[in-house]
Amino acid sequence: MSPRIPLNRSDFPPGFVFGTATSAYQVEGSGFGQAGSSHWDSFAATPGTVADGSDGARACDHYHRFAGDLDLVAAAGFDLYRFSTSWARVMPRGTGAPNEAGLDFYDRLVDAMLARGLTPALTLYHWELPSALADRGGWANRETAHAFAGFAALMARRLGDRVWSWATINEPWCVSWLSHFEGHHAPGLRDIRATARAMHHVGLAHGLAMDALRAEGAANLGVVLNFEPALPGDDSPASHAAAARHDAIYNRFFVQAMTQGRYPPDALEGLGPHLPPGWQADLATISRPLDWLGVNYYTLKRLRAAPGPWPGLCAAPAQGATTDMGWEIAPQALTGLLTWLARGYTGALPLYVTENGMAARDVMRAGGVQDEDRIAYLAAHLQAARAAIAAGVPLRGYVIWSLMDNFEWAFGYDKRFGLVHVDFNSLQRTPKASYHAVTRMLKGAAG
Ligand code: FCB
């Protein structure tokens with residue numbers, strides 16, 4: 001008998017929701033259904049960008065297999081399914097005439113959730129920017145923010161009667177910094193000016209989409225931010241300063257803009273000169289009132305100073321156990337993060353952990369995967385979430401990344417985050433031990 005998660009639903013407040021997540025490009029198969037090309041298609045088609053040279057053209061073929069996948073979500077006892085909608089699939093040119101086949105797909109997907117008693121939690125943008133907009137500068141171009149509001153309105157008109165919650169953007173830091181400064185994700189730039197503009201325009205896109213969604217009558221609107229608590233790699237003042245700069249860029253920039261209408265001064269030190277003229281006037285839009293905030297948490301980061309231009313920092317080695325991504329396993333930092341958010345930024349606003357989980361070197365043996373490390377990771381993070389609730393944080397739900405192994409961006413199919421194993425030759429799904437442990441937690445008694 002594999003290990004259990006020593007918790008059950010009664011360990012969480014009434015109404016607390018449990019879910020699992022995927023995203024469009026990572027599971028659907030961008031080659032199906034007359035989807036338009038996105039910057040992830042062209043990024044992945046560029047040698048040296050994705051570790052195993054793969055792309056999302058077929059991915060898990062969720063486009064055709066979603067019914068069976070949703071059966072797995074429902075059979076585990078989850079309340080909610082967090083999914084995303086591909087902008088390029090429904091608006092192949094980013095603006096203008098929609099692809100009816102794309103809209104029909106999301107219709108069927110949402111209906112299939114409802115038919116199984118699953119609550120649809122929709123994220124509008126999980127990174128597949130239509131190529132036509134990328135050609136015009138992508139997120140560095142202010143027009144992309146306005147185009148995004150048009151996409152949001154289209155989706156609200158089509159699905160607003162059935163979707164429970166709307167997130168505008170998944171992980172603005174990844175959309176901007178990781179993709180335009182570090183170059184790890186599409187469009188693969190390394191340019192501080194493009195980065196600053198992308199950071200600002202993605203926030204503006206969020207705010208304009210909030211307005212567009214409300215105008216269409218959509219309710220329960222939020223955004224999903226990722227956080228990585230920053231620690232100094234050693235006790236030197238330089239490492240403390242590096243950690244503070246990382247904290248400003250990664251952890252405070254978006255949440256402060258979206259909840260308080262200002263950017264952290266220590267982020268503006270480096271980004272200010274590169275922001276578009278008149279950026280201050282957009283902060284009122286960027287800080288439109290949220291109905292909830294989604295928190296993606298995987299790990300913390302240790303930092304030290306590095307020579308060279310701002311921000312002059314680099315990662316210091318992890319301490320203790322790490323996941324297959326090399327990410328330090330630090331459940332206690334989740335408690336600290338949630339209390340820091342509630343006390344400093346979000347107050348009584350409902351919080352959801354919208355992503356948490358780990359990559360592991362999962363191997364199929366005798367028809368199953370004994371991913372005990374993942375079970376221990378989830379158990380520890382659920383305990384950390386409980387500790388935050390006990391400290392008064394209005395945490396209302398917890399969502400596991402991911403339902404199934406999928407296209408893990410620049411790592412291709414080599415990093416497995418799923419509760420369900422996917423054989424990328426046959427596309428066969430096999431629930432792992434962690435899937436069964438979660439099922440027992442959600443459906444069974446404690447212990
Ligand atoms: C998050 C992304 C998600 C997945 C996990 C591992 O940053 O939102 O798509 O890649 O990391």
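Tutor: Let us begin with burial: a residue counts as buried under 20% relative accessible area, as exposed over 50%, and as partly exposed in between. Please keep in mind that this is a predicted model.

Student: How does that apply to Lys415, and with which residue does Lys415 form a salt bridge?

Tutor: Lys415 has a relative accessibility of 10%, so the residue counts as buried, being under the 20% cut-off. Its salt-bridge partner is Asp414, the closest N and O atoms being 3.9 Å apart. Asp414, at 38%, is partly exposed.

Student: What is the general idea behind such a pair, and how many salt bridges does the whole structure hold?

Tutor: Side chains of opposite charge can pair when their charged atoms come close. The criterion applied is a side-chain nitrogen of Lys or Arg within 4 Å of a carboxyl oxygen of Asp or Glu. A search of the whole structure gives 30 salt bridges.

Student: Which residue does Lys301 pair with, and where do the two partners lie?

Tutor: Lys301 forms a salt bridge with Glu228, with 3.0 Å between the closest N and O atoms. This pair links distant parts of the chain, 73 residues apart: Lys301 belongs to strand β8, residues 301-305, while Glu228 is in the loop between β5 and β6. Lys301 is partly exposed at 25% relative accessible area, whereas Glu228 is buried at 8%.

Student: Is Asp61 buried or exposed, and what does its side chain meet?

Tutor: The side chain of Asp61 meets that of Arg65 in a salt bridge of 3.2 Å, N to O. Asp61 is buried, with a relative accessible area of 8%, and Arg65 is partly exposed, at 34%.

Student: Which residues are linked in a network of salt bridges?

Tutor: The network links Glu100, Asp104, Asp107, Asp111, Arg158, Asp161 and Arg162. Asp107 is also one of the buried residues of helix α5.

Student: What is the span of α5, and what do its buried residues pack against?

Tutor: Helix α5 covers residues 100-115. Its 16 residues reach 22 Å from the first C-alpha to the last, close to the 22 Å expected at 1.5 Å a residue. Its buried residues include Leu103, Phe105, Tyr106, Leu109, Val110 and Met113. They pack against α1, α3, β2, α4, β3 and α7. Gly117 follows the helix with a positive phi, near 75°.

Student: How are two packed helices described?

Tutor: Two packed helices are described by the angle between their axes and the distance between the axes. Here, helix α10 (residues 237-260) and helix α13 (residues 331-346) pack at an angle of about 40°, with their axes 10 Å apart. This makes α10 oblique to α13. The residues of their contact divide into 4 nonpolar, 6 polar and 1 charged. On the α10 side, Asn251, Arg252, Val255, Gln256, Thr259 and Gln260 take part; on the α13 side, Trp340, Leu341, Gly344, Tyr345 and Thr346 do.

Student: Finally, how are separation in sequence and in space read together, and what does Ala316 contact?

Tutor: Ala316 and Gly233 are 83 residues apart in sequence, and their C-alpha atoms are 5.2 Å apart in space. Ala316 lies in the loop between β9 and α13 and is buried, at 12% relative accessible area. Leaving aside neighbours within four places in sequence, Ala316 is in contact with Gly233, Arg302, Leu303 and Arg304.

Key
Residues are numbered from 1 along each chain as its sequence is written. This is a predicted model: local features need pLDDT of at least 70, side-chain atom pairs count only at pLDDT 80 or more; totals for chains, interfaces and linings use all residues. Side-chain values use heavy atoms; hydrogens and water are left out. Buried means under 20% relative accessible area, exposed over 50%, partly exposed in between (1.4 Å probe, protein chains only). Helices (H or I, at least four residues) and strands (E, at least two) are DSSP runs, numbered from the N terminus. Axes are lines fitted to C-alpha atoms, for helices over the stretch in contact, and angles run from 0 to 180 degrees between N-to-C directions. Angles under 35 degrees count as roughly parallel, over 145 as roughly antiparallel, 65 to 115 as roughly perpendicular and the rest as oblique. Contact means heavy atoms within 4.5 Å. Ala, Val, Leu, Ile, Met, Phe, Trp, Tyr, Cys and Pro count as nonpolar, Asp, Glu, Lys and Arg as charged, and the others, Gly among them, as polar. The expected span of a helix is 1.5 Å times one less than its number of residues.
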